[in-house]
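I wanted to get to know this one by looking up a few things at a time. Here are my notes, in the order I made them.

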Amino acid sequence: MSPNHEASILEWQAALEAGQTTSRELTILFLERIAAYDKQGPTINAISEINPDALHIAEALDRERAISGSRGPLHGIPILIKDNIATGDNMHTTAGSLALADSYASADSFVVARLREAGAVLLGKTNLTEWANFMADNMLNGYSSRGGQVLNPYDPAFDVGGSSSGSGAGIAAGFAVAAVGTETSGSILGPAKKNSLVGIKPTVGLISRQGIIPISHSQDTAGPMTRNVTDAAILLGVLAGVDPQDAATGKSAGLAHRDYLPFLDANGLQGARIGVVRSGYLAECDEEEAALYEAAISQLRQAGATVIDSVSIPSENADWNSQVLYHEFKTGVNAYLKTLPASFPIRTLKDIVAFNRKHEARALRFGQSVLEQSEQTSGTLTDPAYLRQRLYDLEMSQRQGIDAALKEHALDALLFPGDTGCDIAAKAGYPSIALPAGYTAQGKPFGIMLTGLAFSEPALLRMGFAYEQATLLRVPPVLTEQA
């Protein structure tokens with residue numbers, strides 16, 4: 001098989017099984033591409049660290065394939081992971097922070113353990129918006145004090161999205177076959193849309209968060225970022241499942257699938273009922289983006305969906321000025337830091353704030369107002385205002401929000417334009433899928449998002465795959481080695 005950085009997981013597996021290439025050769029292909037475009041030429045700057053063991057892992061997996069066969073679709077496939085996901089190896093886990101720049105995790109996260117079990121080659125870690133964009137009010141998408149600025153491979157003038165910026169830009173630029181991002185509210189879906197990718201923000205509890213540097217135990221999740229729906233389905237199946245170390249995953253028992261491929265159906269929009277959300281959400285799109293949204297709606301209809309237009313979410317104007325994340329961040333990050341080796345000096349959020357102040361010139365380009373506000377909370381989750389707001393968010397996002405809108409019109413999913421809709425789905429803990437939906441005249445990617453009820457990933461993948469196959473809109477960016 002000739003080198004093709006755009007090939008899918010199944011295409012690469014076919015080539016590997018046929019002896020047309022090896023995992024070692026595949027890994028080298030992506031390392032060469034990273035060398036050409038990440039820190040020179042267009043300087044995408046998506047990669048924060050290369051796994052020093054990547055080639056050794058690939059060679060071992062080639063040998064295993066020759067002796068005992070393939071473990072499955074990810075066997076020998078290079079994957080990138082966001083640099084807030086712990087690896088118990090020779091790579092750091094830093095969340096883009098200088099305070100954690102020398103930090104090594106004590107063990108693999110659940111997500112990484114699943115990837116290794118499936119035979120993936122952990123190629124490296126991706127840059128991100130520092131602390132998953134929970135550090136300062138005016139932080140630029142894609143910037144971290146440790147890794148610098150991630151650029152959009154379609155055009156450095158375009159927003160790269162956050163906080164899984166490196167995962168999004170890296171896969172769009174062809175630096176690996178697929179990546180894992182994390183999301184609290186829009187951090188997978190946003191950069192997926194900005195980089196013309198498929199992104200899945202799963203139901204909270206479908207994928208374990210154990211070993212991932214947290215923001216919010218009520219909203220955090222990891223998820224796939226890929227160039228097509230099929231690859232996203234494969235990766236989701238590898239990552240999903242119950243983990244005794246993450247209580248949220250207990251509710252996924254019997255609802256998580258190890259293989260989501262059977263749900264993919266090119267006719268999957270036939271009979272589907274999709275509610276178009278406009279109102280204030282569409283106001284966030286410019287005229288060109290609004291036209292692309294209308295085109296997507298038309299394409300969904302042509303592919304067989306019943307489209308109910310101008311569906312309103314009853315709670316969309318609720319008081320979402322929530323302090324929930326500030327409280328949950330302190331509790332979560334302190335719990336993560338205590339898992340680090342005892343010799344590591346940063347043990348609490350208070351230590352991080354102090355470190356940043358001491359190294360202000362390098363660490364605080366945008367300040368740390370969010371970190372400081374989080375540090376001022378009790379860290380015990382006992383504050384009455386926090387508890388009331390958390391319960392309010394659940395009620396407004398679920399029963400009086402997405403649930404009500406779907407029930408009123410007997411819908412399978414809600415459709416949102418551009419970067420909108422992420423917040424209410426995040427507060428509800430409900431799944432969403434971002435899909436490429438064209439480009440503006442300047443070549444800026446535009447995406448749409450489908451959102452459903454908890455554990456409706458099979459339906460979202462079915463509809464997303466049908467839309468993708470009916471439109472085939474994604475066009476890869478053109479990169480040059482010249483700056």
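**Ground rules**

I am working with a predicted model, where local features need pLDDT of at least 70, side-chain atom pairs count only at pLDDT 80 or more, and totals for chains, interfaces and linings use all residues. Residues are numbered from 1 along each chain as its sequence is written, and side-chain values use heavy atoms, with hydrogens and water left out.

**Backbone**

I kept in mind that most residues other than glycine have a negative phi, and that most peptide bonds are trans. I then looked up the bond from Gly 162 to Ser 163, and it is cis, with omega near 5 degrees. Ser 163 is in the loop between β5 (148-149) and α6 (165-172). For these labels, helices (H or I, at least four residues) and strands (E, at least two) are DSSP runs, numbered from the N terminus.

Ala 95 sits in the loop between β2 (78-82) and α4 (110-117). Is Ala 95 buried or exposed? It is buried, at a relative accessible area of 1%. My cut-offs are under 20% relative accessible area for buried, over 50% for exposed and partly exposed in between (1.4 Å probe, protein chains only).

Ala 410 also has a positive phi, about 50 degrees. I found Ala 410 in the loop between α15 (384-409) and β11 (413-417), and at 51% relative accessibility it counts as exposed.

**Salt bridges**

I counted a salt bridge wherever a side-chain nitrogen of Lys or Arg is within 4 Å of a carboxyl oxygen of Asp or Glu. How many salt bridges does that rule give? The count is 20.

I looked at Glu 6 and Arg 474, whose side chains meet in a salt bridge at 2.6 Å, N to O. Glu 6 lies in the segment before α1 (9-17) and Arg 474 in the segment after α17 (457-471), so this pair ties together parts that are 468 residues apart in sequence. Glu 6 is partly exposed at 23%, while Arg 474 is buried at 17%. I also noted that Glu 6, Arg 227 and Arg 474 are linked in a network of salt bridges.

Then I turned to Arg 209 and Asp 246, which form a salt bridge at 2.6 Å, N to O. Arg 209 is in the loop between β7 (198-201) and β8 (221-226) and Asp 246 in the loop between α8 (229-239) and β9 (273-277), so the pair ties together parts 37 residues apart in sequence. Both Arg 209 and Asp 246 are buried.

**Cavities**

I took a cavity to be a set of points, on a 1 Å grid over the protein atoms alone, where a 1.4 Å probe fits but cannot get out; lining residues have an atom within 4 Å of a point. Grid points are joined across faces, edges and corners, and a volume is the space filled by probe spheres set on the points. I found two cavities of 30 Å³ or more.

Of its 15 lining residues, the closest to the centre are Asn 84, Thr 182, Thr 184, Ile 213 and Asp 220.

The second largest cavity has a volume of about 30 Å³.

Note on methods. On a 1 Å grid over the protein atoms alone, a cavity is a set of points where a 1.4 Å probe fits but cannot get out, and a pocket is an open set with protein on both sides within 12 Å along at least five of seven lines; lining residues have an atom within 4 Å of a point.
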